[in-house]
Amino acid sequence: QAALASGARPSIAPLTLLIVVGALMTVSALATDAMLPAFPAMAKHFGVTDAAIQSVVSVFMLGYALPHLVVGSFADRFGRRPVLLIGLAVYLAGGLLAMAAPSLALLLAGRFVQGLGASAGPILAPAVLRDLYQGRELGRMLSFAMIFFPGAPLLPPAVGATLLGLGQWRAIFAFLVLVAVALALLVWLVLPET
């Protein structure tokens, strides 16, 4: 914070920063929309109705909403990167649990955990930009970062349908786990503490 107050800025290319921030902002949309094409297959696998399987979205959103109360405070105290990495680790753990779930109850538990972890990215990505930029420059960077947002709900269903065509519905959760690993590596290797 002292370095930033004196005008110094961590060295990261603006385009690289926008890619990382944009990817972090779309984590929840990806986790929600990628599995929509798999609902019938999941319902059949667990022997439940289509209405019951839709609870995987509701449970995820509940988990996603709860950390909004504390993530910002934790990031102010402990730093953006550690909280982002913890969030992505929780997201990954939830994805692994959902992928291996032998029952609907465990699938829902995995989705809840996944939602808890997914909240860190969208909350802290704009905070990272606010740490690094001010005024008009901040507005410009936020506008560029928001370019990722309209595409976030469009691409994941196509990805989910493709993965479903290549394998079982669990392949979608394997993909989400890989996304979590990739994002964690990006944050760890590329994103400076702001």
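Student: Which hand does the crossing of H2 and H10 have?

Tutor: The crossing of H2 and H10 is left-handed. A crossing gets that label if the near helix is turned anticlockwise from the far one by less than a right angle, and it is right-handed if clockwise. Helices here are DSSP runs (H or I, at least four residues), numbered from the N terminus.

Student: Before we go on, what sort of model is this?

Tutor: It's a predicted model: local features need pLDDT of at least 70, side-chain atom pairs count only at pLDDT 80 or more, and totals for chains, interfaces and linings use all residues. Residues are numbered from 1 along each chain as its sequence is written, and side-chain values use heavy atoms, with hydrogens and water left out.

Student: Thanks. What are the angle and axis distance for H2 and H10?

Tutor: Helix H2 (residues 14-25) packs against helix H10 (residues 120-132) at about 150 degrees, and their axes are 7 Å apart. That makes H2 roughly antiparallel to H10. The axes are lines fitted to C-alpha atoms, for helices over the stretch in contact, and angles run from 0 to 180 degrees between N-to-C directions. Under 35 degrees counts as roughly parallel, over 145 as roughly antiparallel, 65 to 115 as roughly perpendicular, and the rest as oblique.

Student: And how do H2 and H11 pack?

Tutor: For H2 and H11 the angle is about 55 degrees, with 9 Å between the axes. The two helices are therefore oblique to each other. H2 passes H11 in a right-handed crossing.

Student: Is Gly-22 buried or exposed?

Tutor: Gly-22, which is found in helix H2, is buried, with a relative accessible area of 0%. Buried means under 20% relative accessible area, exposed over 50%, and partly exposed in between (1.4 Å probe, protein chains only). Gly-22 and Leu-142 are 120 residues apart in sequence, and their C-alpha atoms are 9.5 Å apart in space.

Student: New topic: charges. How many salt bridges does the structure hold?

Tutor: It holds 2 salt bridges, counted when a side-chain nitrogen of Lys or Arg is within 4 Å of a carboxyl oxygen of Asp or Glu. Asp-76, Arg-80 and Asp-131 are linked in a network of these.

Student: What separates the closest N and O atoms in the bridge from Arg-80 to Asp-76?

Tutor: They are 2.8 Å apart. Arg-80 is buried, with a relative accessible area of 9%, while Asp-76 is exposed at 57%.

Student: And which parts does the pair of Arg-80 and Asp-131 tie together?

Tutor: Arg-80 forms a salt bridge with Asp-131, again with closest N and O atoms 2.8 Å apart. Arg-80 lies in helix H8 (residues 80-100) and Asp-131 in helix H10, so the pair ties together parts that are 51 residues apart in sequence. Both Arg-80 and Asp-131 are buried.

Student: Where is Gly-79, then?

Tutor: Gly-79 sits in the loop between helix H7 (71-78) and H8. At 12% relative accessibility, Gly-79 counts as buried. From Gly-79 to Val-187 is 108 residues in sequence and 12 Å in space, C-alpha to C-alpha.

Student: What about the surface: which residues form a nonpolar patch?

Tutor: Leu-15, Ile-19, Phe-144, Ile-147 and Phe-148 do, with about 480 Å² of accessible area together. Patches are made of residues with over 30% relative accessible area and no salt bridge; like charges are joined within 9 Å, and nonpolar side chains (Val, Leu, Ile, Met, Phe, Trp, Tyr) within 5 Å. Accessible areas come from the Shrake-Rupley method with a 1.4 Å probe, and for residues only the protein chains shown count as cover.

Student: Where in the chain is Ile-147 found?

Tutor: Ile-147 is in the loop between helix H11 (135-145) and helix H12 (148-151). With 56% relative accessibility, Ile-147 counts as exposed.
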